[in-house]
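Reader: Could you walk me through this structure, please? I would like to hear about the interface and the salt bridges.

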Amino acid sequence: MKTQLPLLLAIVGIVLSDVPLKDAHAADQLTGDVSSRLIAITSNYTGAELILFGSRIGEGDVVAVVRGPTQSDVVRRKTRFAGIWVNTEALIFDEVPGFYAVAASRPLPEIAKQALWSQLQIGAEYLKLDPREDVTDVKVYPYREALINNKEKGGLYLRQVGKINFIGNTLFRTSVELPAYAPVGGYFVMFYLIEGGEVVETRNTFFFINKTGLERAVFDFAINEPAAYGLLAVAIAVFAGWLAGVMFRRA
Amino acid sequence: MFLLLGMGAGVGFLSGMFGVGGGFLMTPLLIFIGVPPAVAVASEANQVAAASVSGVIAHWRRGNVDFKMGFVMLLGGSAGSAIGVLLFRYLREIGQVELVISISYVIFLTVVGGLMTIESVRAIIRNRRPLTARRRLHRHYWAHGWPLRLRFQKSKLYISAIPPFGLGLIVGILAAIMGVGGGFFLIPAMIYLLGMPTAIAVGTSLFQIIFVTSISTFLHAMTNQTVDVLLALTLLAGAVIGAQLGTRVGAELRGEQLRALLGALVVVVGAKLGVDLVVTPDEPFSIGPLIEH
């Protein structure tokens with residue numbers, strides 16, 4: 001897996017340029033970080049809990065957004081054809097985040113108006129997911145919902161906004177559940193300090209989920225050296241079969 | 001992990017008991033437990049390759065492998081598996097691979113299971129009556145007179161190379177698309193269409209299945225990256241243990257009753273897949289990664 005740092009930096013640039021800052025000089029009221037920079041997938045990996053934490057000065061609310069690496073997904077729709085259910089229509093969605101979660105110190109409607117959430121793409125319903133094809137919103141809607149529902153079922157998208165808790169006046173923390181099937185790659189975390197319905201300050205950080213050990217070796221090998229992997233798969237099978245045959249005869 | 005070992009053991013038990021490869025049961029089972037069909041097929045091809053190696057050793061020792069026949073079939077099989085893998089990739093691109101895998105299984109499981117059940121029920125009935133007719137020792141089939149005739153000494157045949165090549169081709173495509181060795185189709189075809197002796201047909205089909213499933217595994221790894229070696233090995237580990245037990249239990253039971261049982265089981269798996277195709281799905285939408293050229 002190559003690092004996705006350039007991509008992450010690009011996202012940071014896009015997100016930052018979109019943020020309407022109330023007061024550009026009011027810096028350093030907000031800090032934030034994650035408990036682990038690298039989450040390693042090993043053979044007994046069943047997901048991980050990541051702690052997001054930080055501090056803020058003043059009375060503003062804190063909202064945190066975690067986005068996983070993007071990919072293109074195809075959403076197919078089955079219709080009945082000659083008695084059986086067949087995939088007949090499909091829409092391709094590009095740049096679909098592989099993971100998406102939001103946490104906030106108060107319910108979102110109490111913190112700011114809908115327009116802000118929509119602009120910042122905070123909340124699964126405001127996530128920018130546009131199909132590659134140019135089709136009407138009415139047609140896109142069920143596909144988009146199916147995509148989000150599918151990700152939600154796998155624990156990859158959290159429609160429920162998580163709770164950011166304050167410890168004393170300035171320190172805050174929240175935890176994010178990363179499911180076992182969270183995609184491998186670079187994750188981007190954005191903290192927003194919001195006061196009076198407007199963004200006062202933002203902080204961003206990132207972490208990686210990577211396969212390590214045997215899983216990593218096998219995964220990398222299969223993707224990067226498909227021919228060698230194929231030959232090795234055959235060789236292993238032939239050897240294992242021979243071994244089994246020999247053991248069988250003895251028994 | 002334990003589920004997979006258990007499934008390997010269960011199918012291995014059946015394959016030991018009935019003397020079949022078990023790929024045609026394992027792939028649908030993997031799909032039932034939620035393994036993506038593309039991965040199930042490619043990894044199962046890998047496992048069948050391993051299982052056939054261990055099977056062919058015993059047959060080789062007994063001289064049951066007709067290498068010349070196997071080689072002719074292998075030529076067809078290689079071409080077939082290449083065609084199958086390319087077809088598989090194309091079907092993945094257009095999002096129809098699950099459908100084609102399901103339909104192929106419904107057709108094959110129903111036909112093969114049905115024939116097995118009917119044949120074994122007849123045998124059970126026949127055994128209750130005294131033997132009336134004897135089979136002829138040597139038959140001539142329609143395809144024997146085609147051109148490109150070759151002498152297959154081990155099988156005691158002098159027939160055209162085209163039918164074995166064609167059989168290999170079909171089985172190659174099956175191996176690539178369904179993740180099966182195809183023994184359940186190949187062995188009856190070799191016996192009834194080519195007229196090969198049963199023992200030689202079993203040994204030779206195992207021999208050629210090793211190569212066809214190996215080629216399929218390799219090509220799937222190359223073009224689809226859907227071979228999961230760890231999955232295949234886990235299944236194999238379970239299957240080896242299961243097959244040992246299965247062979248012992250199988251030796252205690254009557255052949256026709258075994259075949260009737262297996263036939264019924266095969267029909268049930270096929271019916272389950274068929275029902276899934278027809279019943280209105282809970283979720284008409286499915287999501288998959290985009291595959292581009």
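Author: Gladly, and one definition comes before the rest: buried means under 20% relative accessible area, exposed over 50%, and partly exposed in between (1.4 Å probe, protein chains only). This is a predicted model, in which local features need pLDDT of at least 70 and side-chain atom pairs count only at pLDDT 80 or more, while totals for chains, interfaces and linings use all residues. Residues are numbered from 1 along each chain as its sequence is written, chains are lettered from A and ligands numbered from 1 in the order in which they are written, and side-chain values use heavy atoms, with hydrogens and water left out.

Reader: Is Arg159(A) buried, partly exposed or exposed?

Author: A salt bridge is a side-chain nitrogen of Lys or Arg within 4 Å of a carboxyl oxygen of Asp or Glu. Arg159(A) forms one with Glu145(A), the closest N and O atoms being 3.5 Å apart. The relative accessible area of Arg159(A) is 31%, so this residue counts as partly exposed.

Reader: How many residues of chain A are in contact with chain B?

Author: Contact here means heavy atoms within 4.5 Å. On the chain B side there are 45 such residues, and on the chain A side the number is 42.

Reader: Which three residues supply 18% of the area that chain B buries against chain A?

Author: Buried area is the accessible area (1.4 Å probe) that two parts lose on being put together, summed over both. Chain B and chain A bury about 3,700 Å² between them, with 67% of it on carbon and sulfur atoms. Of the area that chain B buries, more comes from one trio than from any other three residues: Phe285(B), Ile287(B) and Leu290(B).

Reader: How many salt bridges are there between chain B and chain A?

Author: Over all chains, the whole structure has twelve salt bridges. Between chain B and chain A, however, the count is zero.

Reader: Which strand of chain B is joined to strand 5 of chain A?

Author: Strands (E, at least two residues) and helices (H or I, at least four) are DSSP runs, numbered from the N terminus, and two strands pair if DSSP finds at least two bridges between them. Strand 5 of chain A covers residues 70-81, and five bridges join it, antiparallel, to its partner in chain B. Arg76(A) stands opposite Ser286(B), and the partner strand is strand 3.

Reader: Which residue of chain B has its backbone oxygen 3.2 Å from a polar atom of the side chain of Arg80(A)?

Author: Arg80(A) is found in strand 5 of chain A, and its contacts beyond four places in sequence are Trp85(A), Val278(B) and Thr280(B). Within chain A, the backbone oxygen of Gly83(A) lies 2.8 Å from a polar atom of the Arg80(A) side chain. Across in chain B, the backbone oxygen at 3.2 Å belongs to Val278(B).

Reader: How many residues apart in sequence are the parts that Asp61(A) and Arg106(A) tie together?

Author: The side chains of these two meet in a salt bridge of 2.7 Å, N to O. Asp61(A) is buried at 9% relative accessible area, whereas Arg106(A) is partly exposed at 35%. Asp61(A) lies in strand 4 and Arg106(A) in the loop between strand 7 and helix 2 of chain A, so the parts they tie together are 45 residues apart.

Reader: Which residue forms a salt bridge with Glu89(A)?

Author: Glu89(A) lies in strand 6 of chain A, and its partner lies in helix 4, 50 residues apart. The closest N and O atoms are 3.1 Å apart, and the partner is Lys139(A).

Note on methods: A polar contact is a pair of N or O atoms within 3.5 Å; within protein, one must be able to donate a hydrogen and the other to accept it, and residues adjacent in sequence count only if both atoms are side-chain atoms.
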